[in-house]
Amino acid sequence: MWLLLLVVIGGLGVVKPATFTTEFSVPGIESQQARDLLAAQFPAAAGGVARIVFAAPAGTALTDPAEQAAIVASLRRAATVPGVISVSDPVRTGTVSADGAIAFADVRFQQAPDDVPQSAVDALAAAVRPAREAGVQVEFGGTAEQARTRVSGPNEAAGLVVALVVLAVATGSLLAAGVPLLTALAGVLVAVPAIGLVAHVVDMTNTATVLALMVGLAVGIDYALFIINRHREQLADPATDVADSIGRATATAGNAVTFAGVTVTVALAGLAVTGVPFLTIMGLAAAGAVLIAVLIALTLLPALLSFAGERIRPRSRRHAHRLTRHRPRPGAGSLAWARLVTRAPVAVVCVGVVGLAALALPLGHLRLGLPSNEAQPTDSTQHRGYDLLTRGFGPGFNAAITVVVDTTAVPPAQRTALLDQLTARLRIDPGIVAVTAPVGSPDRGLAAINVIPRTGPDDQATTDLVHRLRDQDEQAIRQAGGTMYVAGSTAGAIDVSAKLLRTLPGFLAVIVVLAVLLLTAAFRSALIPLTAVLGFLLSTAASLGVVIWVFQDGHLRLAFQVAAAAPVISFLPVLLIGVLFGLAMDYEVFLVSRMRERYEQTGDAADAVTFGVARSGRVVCAAALIMAAVFGSFVFIGDPIVKSVGFALAVGVLLDAFVVRMTIVPAVMAMLGRHAWRLPRWLDRVLPAIDIEGSALPGTLRSTTPSEPVRAGSTGRVLQPSGPVSSTATDSMREDMQ
């Protein structure tokens with residue numbers, strides 16, 4: 001059935017290739033209102049613009065006869081490209097630098113930026129051949145020449161190779177290591193084409209597909225790993241039947257996978273509460289990939305394990321001990337770590353919290369934005385064009401602002417005077433270098449004025465200028481009966497960042513409440529959810545601090561191939577919170593569920609903590625390393641959005657798994673003791689019962705249960721094993737705990 005689904009969806013994806021947008025628009029913000037107004041009443045001013053940047057060869061000027069003739073010939077050919085309605089003349093418009101070394105021309109299309117076909121972009125690149133043949137450097141920029149996100153195979157392949165190595169070490173079997181990779185690949189091969197089909201119906205950024213690919217691969221590998229680990233743990237008993245073990249692994253570890261997957265899905269779908277359409281679509285796309293990963297883990301994985309049969313059974317531990325006397329027992333490292341962490345829990349918690357707080361310090365100067373062409377890869381034409389414009393005209397020419405004035409309600413006789421007054425005020429603003437004359441719509445009811453700031457698009461002074469224009473000049477226009485909008489890509493990036501920053505507290509509150517409710521119901525505890533949430537907040541803050549330190553402050557920029565220091569991607573904090581919350585709760589569930597399983601058997605809180613870390617520590621560490629490898633493989637992709645998202649998720653997973661879940665959480669649990677497992681009776685009656693461990697399963701194999709009854713501390717209860725226990729499993733457990 002999965003093969004059939006893969007063939008059908010893959011075939012539809014080939015027949016109807018996906019179309020994506022490169023714009024991050026938000027309805028209701030001022031810049032978007034201006035764009036919608038231009039599209040409706042002044043389409044010529046709303047079309048996509050391709051900016052052609054020319055640079056003269058060394059020792060010459062673009063005003064020399066040969067170079068000028070080549071540029072004129074190129075622009076004439078550009079005017080014949082389908083969809084082009086106008087081409088500016090650098091000499092006539094004065095867009096030639098003072099030394100004559102650099103010039104630019106704007107090619108305006110009749111289509112909106114996203115609707116300009118790739119064939120027209122390619123034809124424009126071919127049209128400038130005369131200039132290139134004359135030795136003139138030609139680069140491109142503008143809204144119609146946006147860099148496209150391209151996911152290159154070698155990067156993901158490297159991540160999968162690392163994942164395979166980690167899986168092989170964690171499982172001790174190449175067969176057991178290969179199955180999770182196979183199921184994860186099957187999941188993304190279904191999810192990504194399906195998302196592409198949805199893109200025909202709704203506007204979707206290409207980043208949504210990349211995010212779904214990232215998350216789908218990571219959770220697909222991890223979910224399969226958890227179930228396989230439980231299956232092989234049960235098969236360590238030679239008397240265990242393979243088919244029975246597959247069913248019981250799915251009913252126990254599969255329960256945890258289902259709970260964790262639903263948690264991740266809800267967190268990603270929760271991005272809809274931000275009210276930002278493109279972010280909602282990104283969250284839903286990634287949530288869909290996670291759901292498919294869960295379904296595959298519960299259906300396709302058991303089928304593949306059935307095919308593997310006895311070949312996936314681990315060798316007898318005693319036999320392995322005879323072959324390699326000095327080989328460490330499985331779980332020995334995790335057991336040693338658990339004892340180390342719980343020996344001095346207060347000191348461990350203090351060191352962990354202080355370390356994460358130190359990493360979070362850069363949050364104090366966080367700045368949000370959308371990537372300009374300066375952030376594109378240094379070998380891209382967009383980045384080279386940005387550098388040429390900055391060198392020839394100053395950084396402000398890369399941060400052009402469009403002032404749109406709606407004078408429909410102003411008497412026609414007063415419109416010209418009103419626009420002249422506005423233009424005069426703009427020209428005396430200290431933050432503005434140049435102001436073009438107003439260009440009016442055919443009915444003269446709408447006018448557009450281009451403003452060139454003194455600073456670049458990512459500069460704080462440019463943000464201050466946008467706010468100043470809205471606070472001062474917009475009020476004057478309103479008093480005269482008109483409406484003024486500050487628009488353009490620079491203003492749009494500022495508006496989107498402000499909108500997302502306002503939605504961040506509400507989204508974080510929803511996530512925190514959701515985490516507390518889910519974990520309280522799962523673990524029947526009031527304190528464990530609080531510990532989990534506080535740890536999640538710490539790891540998220542530390543991850544954002546590291547991202548700011550690298551991408552905004554520019555440290556280690558060359559090591560991670562960051563083209564330029566720039567504000568953090570505006571939607572990255574919200575996205576990081578949503579994704580990291582789900583993954584952090586995954587690790588919390590897989591780690592603490594084994595603790596609870598042990599506590600239910602023995603009633604010994606200290607033993608439960610040590611047991612949980614010893615049994616789940618290795619697989620949690622392996623899962624975190626796999627996720628970090630998958631996310632990290634996207635760090636060296638050129639697209640600045642994909643790069644920063646991959647980096648943030650890789651750092652976040654490592655910090656949360658190793659510092660919070662494997663260190664701080666066990667230490668806090670050791671400090672709390674039996675109090676960690678208490679829940680007020682009234683709350684216990686209200687909350688639904690969630691059996692993550694599969695403890696209600698009749699005859700559940702307890703390969704880790706001692707054969708003799710264990711007295712549960714002061715309660716006087718005697719807990720009996722809930723199912724049959726083999727002598728091999730008992731001996732194995734005694735060896736591990738000793």
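At what angle do the axes of helix H24 and helix H25 cross, and within what distance do they come? To find out in this predicted model, select residues 605–632 for H24 and residues 640–672 for H25, whose axes come within 8 Å and cross at roughly 170°. Because angles over 145 degrees count as roughly antiparallel, H24 is described as roughly antiparallel to H25.

Now show the side chains where these helices touch: on H24 the contact residues include Val609, Val613, Gly617 and Val620, while on H25 they include Gly646, Leu649, Ala650 and Val653. Colouring the contact by residue type brings out 19 nonpolar and 3 polar residues, with no charged ones.

Next, move to helix H11 by selecting residues 242–269, and follow the helix to Gly254, where H11 bends by about 40°. At the N-terminal end of H11, select Asp241, which caps the helix with a side-chain oxygen lying 3.2 Å from the backbone nitrogen of Ala243.

Finally, turn to the aromatic rings, among which the whole structure holds 9 pairs. Select Phe104 and Phe397, whose ring centres are 6.0 Å apart and whose planes stand at 65°, so this pair is edge-to-face. Phe104 belongs to strand E3 (residues 102–109), whereas Phe397 sits in the loop between helix H17 (381–393) and strand E6 (401–406), and the pair thus links distant parts of the chain, 293 residues apart.

Terms used: Residues numbered from 1 in each chain as written. Predicted model: local features only at pLDDT ≥ 70, side-chain atom pairs only at ≥ 80, totals over all residues. Heavy atoms only, no water. Axes fitted to C-alpha atoms, helices over the stretch in contact; angles between N-to-C directions. Helix = DSSP H or I, 4+ residues; strand = E, 2+ residues; numbered from the N terminus. Parallel < 35°, antiparallel > 145°, perpendicular 65-115°, else oblique. Contact = heavy atoms within 4.5 Å. Nonpolar A, V, L, I, M, F, W, Y, C, P; charged D, E, K, R; others polar. Bend = angle between axes of the 7 residues up to and from the residue. Polar contact = N/O pair within 3.5 Å; in protein donor to acceptor, adjacent residues only side chain to side chain. Phe/Tyr/Trp six-rings, centres within 6.5 Å; stacked < 30°, edge-to-face > 60°.
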